[in-house]
Amino acid sequence: MPNYASARPTKRFFIQMLTADIALEDAILDLIDNSVDGIVRANNFRLDESLLRAGAGTRKKGHIDVNISDEEICITDNGIGIARKEAEHDVFRLGRVRSTSGNTLGVYGIGLKRALFKLGNAFEVTSRVKNERGFRASLQGVDVWQRHDPDKALKGEDPWGIPLEDHSRKTIGTDVRITEIRPEIRMRLRDRTTVAEIRRRVGTTYCLMLEKYLTIKINGELVPPQEIPIGRSRQLKAAVKHIANIQGGKVKATIVAGIADGNNQRTESAGWYILCNGRVIVNADRTSMTGWGVDGFPLYVQSFRAFIGIVFFFSDFPDLLPWQTTKRGINPDSVAYIAVKDSMRAVAKPITTYLRTLYYKDDEEALEQRALVEHVSHVRLESFAAARDAVFAAPRVIKRQTDKTRVQFDATSAEIKKAAKILAEPHASASRIGRASLEFVLEQGD
Amino acid sequence: MSAESFRKVSYDLRPAKQIERRILLDSFQFLAKIGLPVRDYTYVGFGSIYFYDFAMFYRYLGMKRMISLEMDRAIEKRVNYNRPFKNIEIRMQSAEQFIPSIDRDERYLIWFDYDYMVDRSNLSDVQYACNALAVGSLFLVTVDAYPPASLRMKPGALRKHVTTQLLQFLPDKYPLSNLSASNMEVFSRDVILASIDKGLESRPNVEFVPLWSIGYEDTRPMYTFGGVLADRELAQTLRGSCKDFYYRLKRNESVLKIVVPRLTRKERATLDHFLPGQGLRLVKNFGINSDELENYRTFHRYFPSYSELF
């Protein structure tokens, strides 16, 4: 009798847990992440602050092709490819064997597998690196495979193994093809706006890479980069703060916060954007996740619709970055995030205070100020990387001193009518009558 | 910063506040002796149009870099006109606007002297400032220790206000039953400390060593809380040496109350003759009660003298 209780995971559990926590869109992004990493390695691109530098790397050498239908989901890239050895020992393992280093998007070693299991019941990955023959890994019938009990494995058989064979592939790069699309994914894809949504997400998520390093096509059409709509004008300048010493200098962050360009002052695009190694993980967040309504920071309200805040995290140690495994949202307990969150709010608070003052009243001055805000023009993110630390600059909102008090009281309509008659102004407004009443009292004093 | 309070009372005639400034000045000089060169720090305060703290810190400490924050645009001209020394930089900014420009490579002496009660906005100033300040910096905050009439008059209004507005600053199991208009000092201290803790969350090697917890009243009760951002070594040094001014003044209470006995020049001169030490009991009784004597003994070094000038 063994003197321990088995805590070994079942295959079924693993696959269910992995796929339950991720949405279709994020699974596609996971596949693209792998392709981006492959392209970055193949071309010695860097996913670091150079992404924010103007000029650097306008060679869009990487190409990623995504095809999505309810029959199959394919993604093809011209990245560095997967070496046969890596395929045997690393790439298909659930979870990393070693911790990751280098400024990559891959962190946990789970994205590719999760996407494969999430989207379909069969998949095929073919790849080839330079100076090697290609291979093909394929699994037909994930459902049968996951039911196969590791305890009943035959001698010499790896119950977690995925069949691998040589493949006469000519080009360097990787193809992933998922078929027997799962019924729930097919349901999502039946809604024809789903692919449009994926296209928008891809355009935002990889906006920095799409500007410089690579192109992505979805169903044959290029995805345009969706830039984060931060703006500036002569009077309104964004705040910038660089924080270099996180985790003993292993993680760097740059915070930029300001006013959205005049065409994008909408609630949908307002809020915080957080990027890890150039990839957007939080997109226009207006929830407590990024501090809205937490401690002294205000809750998001409509008058903050012109607010844009961006945090760029960069590290050669991706496991130190604040992303979650799904790369949608931040891990609030990550040291890197804890280290910047107060700075984020400190940098942003003068902006929310400014915007609130602006929409507080409707007087002439507030209107002038609003016009200034609405005339902010778009600026490229590159201009902030090299920028020195600066605080938000805005024209002062002057509270005009006034000695006026508003007088309000209730009167019956019969009284108003009677007063109008006395005044000999049958169509006098209620406020005219109020004014006349006050004047009458004042005359008594003269 | 004090947009309005300067209109209500001339700063010249606030003896308790002046005693507080002198106590602080005294302790800055003490801190200089144990290795915190306060005169080389950047002083940031709300100078209003009087600049008392600025003038004192410049005259007696020799502070070189000073920044006065002023939010009230209506008095901008007067602020500039009254600036007593050239090394005082006036910024038409709120504390909130100033904080993001705090430089971690510099040491500051910051005194946010608000003229209203603790609220979400000044507590987040406290949080963000302490998050940003370098080790060795001194941070002080003054708030009203008296709720506005709207919260005083209606029973339960103060507690309701606190639980709706300041919930996120209350430590777990905070005994709100003790909350009343008369113990706002302790409450202010607790929420200020909670905000400082929040600000230092990401800096495990930095702690805030409280040095000042002072209550005083000229026109209405005010409360000042302050201390030093310290690493382990500095914290030990401070704990070892600051008993001299902090714990003695605190006399087993968490708040040092400045109470100013009203004495004539002649009475003061007589009492001074027997000080320092316990000699006041030898003074021939000329009508000063023992509480007043004790208060005078505690604060006599810091007591301002006023006279009319022509």
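The questions below go from the chain contact to one strand.

Modeller: Keep in mind that this is a predicted model.

Colleague: What area is buried between chain B and chain A?

Modeller: The size of an interface is often given as the accessible area lost when the parts come together. Here 24 residues come from chain B and 22 residues from chain A. Carbon and sulfur atoms give 48% of the buried area. The area between chain B and chain A is about 1900 Å².

Colleague: Which residue of chain A meets B:Glu96 in a salt bridge?

Modeller: The count of salt bridges between chain B and chain A is three. A pair counts when a Lys or Arg side-chain nitrogen lies within 4 Å of a carboxyl oxygen of Asp or Glu. The side chain of B:Glu96 has such a pairing at 3.4 Å, N to O. Its partner is A:Lys349.

Colleague: Which element gives the largest share of the side of chain B that touches chain A?

Modeller: The elements that give two or more residues to that side are H5, H6 and H9 of chain B. The largest share is six residues. That share comes from H6(B).

Colleague: Why is strand S6 of chain B largely enclosed by the rest of the structure?

Modeller: S6(B) pairs with S7(B) in the antiparallel sense, over ten bridges. S6(B) also runs parallel to S8(B), joined by three bridges. As for burial, S6(B) is largely enclosed because, of its eleven residues, the number buried is eight.

Colleague: Which residue of S8(B) is the bridge partner of B:Gly215?

Modeller: B:Gly215 has a bridge partner in S7(B), B:Tyr223. In S8(B), the partner of B:Gly215 is B:Lys257.

How values were computed
Residues numbered from 1 in each chain as written. Chains lettered and ligands numbered in written order. Predicted model: local features only at pLDDT ≥ 70, side-chain atom pairs only at ≥ 80, totals over all residues. Heavy atoms only, no water. Contact = heavy atoms within 4.5 Å. Buried area = accessible area lost by both parts, 1.4 Å probe. Helix = DSSP H or I, 4+ residues; strand = E, 2+ residues; numbered from the N terminus. Buried < 20%, exposed > 50% of the residue type's maximum accessible area, 1.4 Å probe, protein only. Pairing = 2+ DSSP bridges.
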